[in-house]
Amino acid sequence: MTAPNAGETHEFRTEIRKLLDIITHSIYTNHEIFLRELVSNASDALDKLRFETSRGTEMIEPETPLEIRISTDESGKRLAIVDTGCGMTRDEMVEDLGTIAKSGTEDFMRSVTENTDADAASNLIGRFGVGFYSVFMVAEKVIVTSRSYKPGVAAARWISDGSGSFTVEEIPDAAPRGTTIEILLREDGKDFAKPEKVKAVLTKHSNFISFPILVNGQKVNTMPALWRESKFSIKPEQYKEFYQFLTFDPEEPLLTIHVNVDAPVQFTALLFIPKRGMGPMTYRENLHHGLDLYVRRVLISKDVKDVIPEYLGFVRGVVDTEDLPLNISRETLQENVILRKIQSVLTKQVLDKLKALAKEDPAKYNEFLSSMARP
Ligand code: ADP
């Protein structure tokens, strides 16, 4: 930890203070999910950089490999997570690390407001995923140092102890592109400075991340993106693992649909129907999740709603197509004719699978249907 606690001080907004208060005082014991959240942010930042590279955007250090490096310091009770992704400018840090960006976090906050029982609130943390802030379940202090991929922008540093405020400042040193998150662990979080512990958590939650993750220089994630594998070589356990990685649902999916289509559009999709379609716990106005869209293995956009109709909004999964240009912008995805064709194939696949289930196992199907009722 190099930084003095200098820089401009900002107060967190009220909703974040409330979230931080719940997180730091929660009885929720599954602290390890903070690592999943930080690695997932690092992976998103790398996805964004890969996307900008594919569109030919000018950037600093274009040759730097895309990876996530984690280092542990057991005696110092410290952990650092480094990514070589898109990074953040000072202003982006104030904005992005000062708002509730995750829709899961919004859902979480809504549930907390609806339900004032603190224990119940704690138990919802794992279910919704509270993003970056979950680091304060284990951290005494967090230092985020970041340098944006955009040329000519200074690096910046953000520091907070997770109470009411954070400081932020531009820094003169030529920090490398990407983001470093240094965590000074609380006494009760010091296990996360042990490399074996970190590796075990990563294997459990972050195995399918598509960039190398290195712990003290050693690569830990080995799983390929499952939808690209032949379905005959995939074991049910692997599908279940991928589903849980994607949704954080502790249960196994009701149905798994893995399709490889050549006409009228070429695409591969790996879809899941959760056991509880719309049960009391999961019913939300914005239940229409959408699917993650890849073009030739590059993530173009998460939660794309145009590939699955709203009434099948509970379906989760990924779609990968060769038929869209890599440099398609997220904005032009709407009303796209290829996505409409993908949607009509997927709709038929999902309805056929549900019909087959209704015939083969009416009890299971009815249980699913009853979970669809509004609370
Ligand atoms: P979410 O990841 O769902 O957007 P988070 O609270 O976890 O929500 O993160 C908030 C925002 O902070 C992200 O949307 C992103 O803009 C920014 N951010 C977090 N971590 C990183 C990172 N490692 N690199 C670049 N930006 C990041």
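Guide: A contact means heavy atoms within 4.5 Å. Among contacts in the chain between residues at least 6 apart in sequence, 71% join residues at least 24 apart. This is a predicted model, in which local features need pLDDT of at least 70 and side-chain atom pairs count only at pLDDT 80 or more, while totals for chains, interfaces and linings use all residues. Residues are numbered from 1 along each chain as its sequence is written, and side-chain values use heavy atoms, with hydrogens and water left out.

Visitor: How many aromatic pairs does a search of the whole structure find?

Guide: A pair of aromatic rings is described by the distance of the centres and the angle of the planes. Rings of Phe, Tyr and Trp (its six-membered ring) pair if their centres lie within 6.5 Å; planes under 30 degrees apart count as stacked, over 60 as edge-to-face and the rest as tilted. The search finds 13 such pairs. For phenylalanine 12 and tyrosine 133, the ring centres are 6.4 Å apart and the planes stand at 80°, so this pair is edge-to-face. Both residues, phenylalanine 12 and tyrosine 133, are buried, that is, under 20% relative accessible area with a 1.4 Å probe, protein chains only.

Visitor: Which kind of pair do tryptophan 227 and phenylalanine 242 form?

Guide: Their ring centres are 6.0 Å apart and their planes lie at 55°, so the pair is tilted. Tryptophan 227 and phenylalanine 242 are both buried. Ring pairs also link Trp227, Phe242, Tyr243, Phe245, Phe272 and Tyr294 into a cluster.

Visitor: What is the strand order of the open sheet of five strands?

Guide: Strands of a sheet pair through backbone hydrogen bonds, either parallel or antiparallel. Strands (E, at least two residues) and helices (H or I, at least four) are DSSP runs, numbered from the N terminus; two strands pair if DSSP finds at least two bridges between them. The order here is S10-S11-S14-S12-S13, with mixed pairing. Strands S10 (255-261) and S13 (298-304) are the edge strands, each pairing on one side only.

Visitor: In which sense do strand S12 and strand S14 pair?

Guide: Strand S12 (residues 291-295) and strand S14 (residues 316-321) pair in the parallel sense over four bridges. Tyrosine 294 has aspartate 320 in S14 as its bridge partner, and Tyr294 also belongs to the ring cluster.

Note on methods: Buried < 20%, exposed > 50% of the residue type's maximum accessible area, 1.4 Å probe, protein only.
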